[in-house]
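Welcome to this short tour of a protein model. Have a look at the picture first, then read on for the helices, the sheet and the aromatic rings.

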Amino acid sequence: PAPPGQTLLPYTTLFRSDDYLAVAHRQDEISLISVQVAWPGLTKMVKLPDPDKRSPFNRPLRKGHSKKYADYLDLVPRPYTPPIALWTDPANVQIDEISELPKIGNTRFVVAKFDKSTRDQINILDGQHRIYGAYLLNEQYQEELRRARENRRRAESLGGAELIEEAQKREQTAKDKLQRFADMTINVQIALTGDTALAKQIFSDVADNAL
């Protein structure tokens, strides 16, 4: 039941979008929103690049390069990731302005609601190796946790305090790795355009001006 004076939204309204606090702004004629997304969420927010198929909006993906980035996130005590650039048709995002917060120039605070049914239409402009590397690392951590839990259950069935304690430590280590990864938030800038020619131009501009 709804609390007094409130109305519960239908299930389909509550769960049909991924909602983010965002900053909406412009670069000349390009409309953008910037959001903070945790790594596990980002790997599910976009259409993942395919190592065997080149995107028309990006360079070929080198899986080995992504694996090196996964190792960097895994092993370095204080890893840093520069902003990721994406693009999607504005029809895939509902933007609700937060009227209580001030608008400064062409910058305003909004809630950006991404339609879950159009996740495959959120494309990468810059950062595909980082995103795929994070995906690989998440898969690695999930597998480590699965194996640690199996090992702990096996230890409990065999008995022995030392064996069980060691298995529990291994499981906790796997959980801690996943939690550390889930706590890493990334700045993501999303160009709102349905113009594929513009998206290709932006990618080309980023690549040409990288130096």
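Helix α3 passes α4 in a right-handed crossing, a term that applies if the near helix is turned clockwise from the far one by less than a right angle, with anticlockwise giving left-handed. This is a predicted model, in which local features need pLDDT of at least 70 and side-chain atom pairs count only at pLDDT 80 or more, while totals for chains, interfaces and linings use all residues. Residues are numbered from 1 along each chain as its sequence is written, and side-chain values use heavy atoms, leaving out hydrogens and water.

**Two helices that cross**

- Helices (H or I, at least four residues) and strands (E, at least two) are DSSP runs, numbered from the N terminus.
- The axes of α3 (residues 63-75) and α4 (residues 128-158) come within 7 Å and cross at roughly 65°; axes are lines fitted to C-alpha atoms, for helices over the stretch in contact, and angles run from 0 to 180 degrees between N-to-C directions.
- Contact means heavy atoms within 4.5 Å, and the residues making this contact include Tyr69, Ala70 and Leu73 of α3 and Tyr132, Leu136 and Tyr141 of α4.
- By class, the contact of α3 with α4 has eight nonpolar, six polar and four charged residues. Here Ala, Val, Leu, Ile, Met, Phe, Trp, Tyr, Cys and Pro count as nonpolar, Asp, Glu, Lys and Arg as charged, and the others, Gly among them, as polar.

**The sheet**

- Seven strands form an open, mixed sheet in the order β4-β5-β1-β2-β7-β3-β6; two strands pair if DSSP finds at least two bridges between them.
- At the edges stand β4 (93-97) and β6 (123-126), each with a single partner strand, so one side of each has no neighbour in the sheet.
- On average, neighbouring strands of this sheet are turned by 35° against each other, direction ignored.
- Five bridges join the antiparallel strands β4 and β5, and glutamine 94 has lysine 113 in β5 as its bridge partner.
- α4 packs on the sheet, where it touches β3 (84-88) and β6, and its direction makes about 125° with that of β6.
- β1 and β5 are antiparallel and share eight bridges; alanine 22 is partnered there with valine 110 of β5.
- β1 is also joined to β2 by six bridges, again antiparallel, with histidine 25 facing its bridge partner leucine 32 in β2.

**A turn between two strands**

- Aspartate 28 lies in the loop between β1 (17-27) and β2 (30-38), a hairpin with two residues between the strands.
- Although aspartate 28 is not a glycine, its phi is positive, about 55°.
- Aspartate 28 counts as exposed, at 71% relative accessibility; buried means under 20% relative accessible area, exposed over 50%, and partly exposed in between (1.4 Å probe, protein chains only).

**Aromatic pairs**

- Rings of Phe, Tyr and Trp (its six-membered ring) pair if their centres lie within 6.5 Å; planes under 30 degrees apart count as stacked, over 60 as edge-to-face and the rest as tilted. By this rule there are four aromatic pairs.
- Tyrosine 20 and phenylalanine 114 are edge-to-face, 5.8 Å centre to centre with 75° between the planes. Tyrosine 20 is in strand β1 and phenylalanine 114 in strand β5 (residues 108-115), so the pair ties together parts 94 residues apart in sequence.
- Tyrosine 20 is buried at 16%, and phenylalanine 114 is buried at 2% relative accessibility.
- The ring centres of tyrosine 141 and phenylalanine 181 are 5.9 Å apart and their planes are at 80°, so this pair is edge-to-face. It links helix α4 with helix α5 (residues 161-182), 40 residues apart.
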